[in-house]
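Please keep the sequence and the 3D view open as you read.

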Amino acid sequence: MPKIKQRRFDEMRKLENVFEGTDYNSSNPFPKGTWNKEIFKNDNPIVLELACGKAEYSVGLGKLYPNKNFVGVDIKGNRMWVGATKAKSQGMNNLRFLRAYIDHLDQFFCENEVSEIWVLFSDPYIKKERKRLTSPKFLELYRKIAKRGISINLKTDSDLLYEFTHEVIEEENLEIYRDIKDVYEECPDDPQLSIQTYYEKMHLKNGKKIKFISFGL
């Protein structure tokens, strides 16, 4: 492992706003169901950003909505270090990070614990539909931890992932809350959707349209 990555991993272990969740067979399991009471110490809604990377979106949303609790989830600690250290330096008490595989979400959150999920520019997995974060496999996982009325929010540059998500919504007869085919053409001043990640900036520079769809379970 390069020295800079090793240094970041070492620093991550000392950050109070980061939780390691990679030992799935531990005899001391993660205390799911305690995010409000023990970690955030309030009753505010819990919002997840999945595959959060550097967590630009979690940081942005956390500033917009101080009365919500945000958890950035990713397995790539090197990227997560960027968001975690930024959140700590800015005193963001409503943002935490969980380094874990998304497939194991139900080992870290319990039934009726999560109010909202954001999926930002995730891999469309051209040949592996089941790995897409809006596939039926993952929607079933989200149902295990969802509060009633949860919203799943997808923001993407990928036509494939956007259209696939539409097909899943139709097949499962889910309710669409918002559907935007070109974010910066249709609602350029939307404070939520104007937050940009590193990858989004690259996509915009390359002339790609950014799509957004929000739906319930």
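M202 belongs to a nonpolar surface patch with Y198 and Y199, and together they have about 300 Å² of accessible area. Patches are made of residues with over 30% relative accessible area and no salt bridge; like charges are joined within 9 Å, and nonpolar side chains (Val, Leu, Ile, Met, Phe, Trp, Tyr) within 5 Å. Accessible areas come from the Shrake-Rupley method with a 1.4 Å probe, and for residues only the protein chains shown count as cover.

Before going further, please note that this is a predicted model: local features need pLDDT of at least 70, side-chain atom pairs count only at pLDDT 80 or more, and totals for chains, interfaces and linings use all residues. Residues are numbered from 1 along each chain as its sequence is written, and side-chain values use heavy atoms, with hydrogens and water left out.

## Salt bridges

Side chains of opposite charge can pair when their charged atoms come close. How many salt bridges does the structure hold? There are ten, counting a salt bridge as a side-chain nitrogen of Lys or Arg within 4 Å of a carboxyl oxygen of Asp or Glu. One of them joins the side chains of R99 and E20, at 3.0 Å from N to O. This pair links distant parts of the chain, 79 residues apart: R99 sits in strand β4 (residues 95–99) and E20 in strand β1 (residues 18–20). R99 counts as buried because its relative accessibility is 13%, while E20, at 36%, is partly exposed.

K144 and D106 also meet through their side chains in a salt bridge, with 3.7 Å from N to O. K144 lies in the loop between α5 (136–143) and β6, and D106 in the loop between β4 and β5 (114–120), so this pair ties together parts that are 38 residues apart in sequence. Both ends are partly exposed: K144 has a relative accessible area of 46%, and D106 has 23%.

K155 lies in strand β6 and E200 in helix α8 (residues 198–205), so the pair ties together parts that are 45 residues apart in sequence. Elsewhere, salt bridges with shared partners join E140, R143 and E172 into one network.

E171 is found in helix α6 (residues 159–171), and its relative accessible area of 64% is why it counts as exposed.

S151 is part of strand β6 (residues 146–156) and is buried, at 12% relative accessibility. Which residues is S151 in contact with, leaving aside its neighbours within four places in sequence? They are S115, E116, I117, Y177, S214 and F215, with contact meaning heavy atoms within 4.5 Å.

E175 is in the loop between α6 and β7 (176–180) and is exposed, with a relative accessible area of 52%. Leaving aside its neighbours within four places in sequence, E175 is in contact with S214, F215 and G216. The C-alpha atoms of E175 and E20 are separated by 34 Å, and the two residues are 155 residues apart along the chain.

## Two positive phi values

K41 is a residue other than glycine with a positive phi, near 60°. K41 belongs to the loop between α2 (35–40) and β2 (46–50), and its 62% relative accessibility makes it exposed.

A51 is not a glycine either, yet has a positive phi of about 55°. A51 is located in the loop between β2 and α3 (56–64) and is partly exposed, at 30% relative accessibility.

Definitions and conventions:
Helices (H or I, at least four residues) and strands (E, at least two) are DSSP runs, numbered from the N terminus. Buried means under 20% relative accessible area, exposed over 50%, partly exposed in between (1.4 Å probe, protein chains only).
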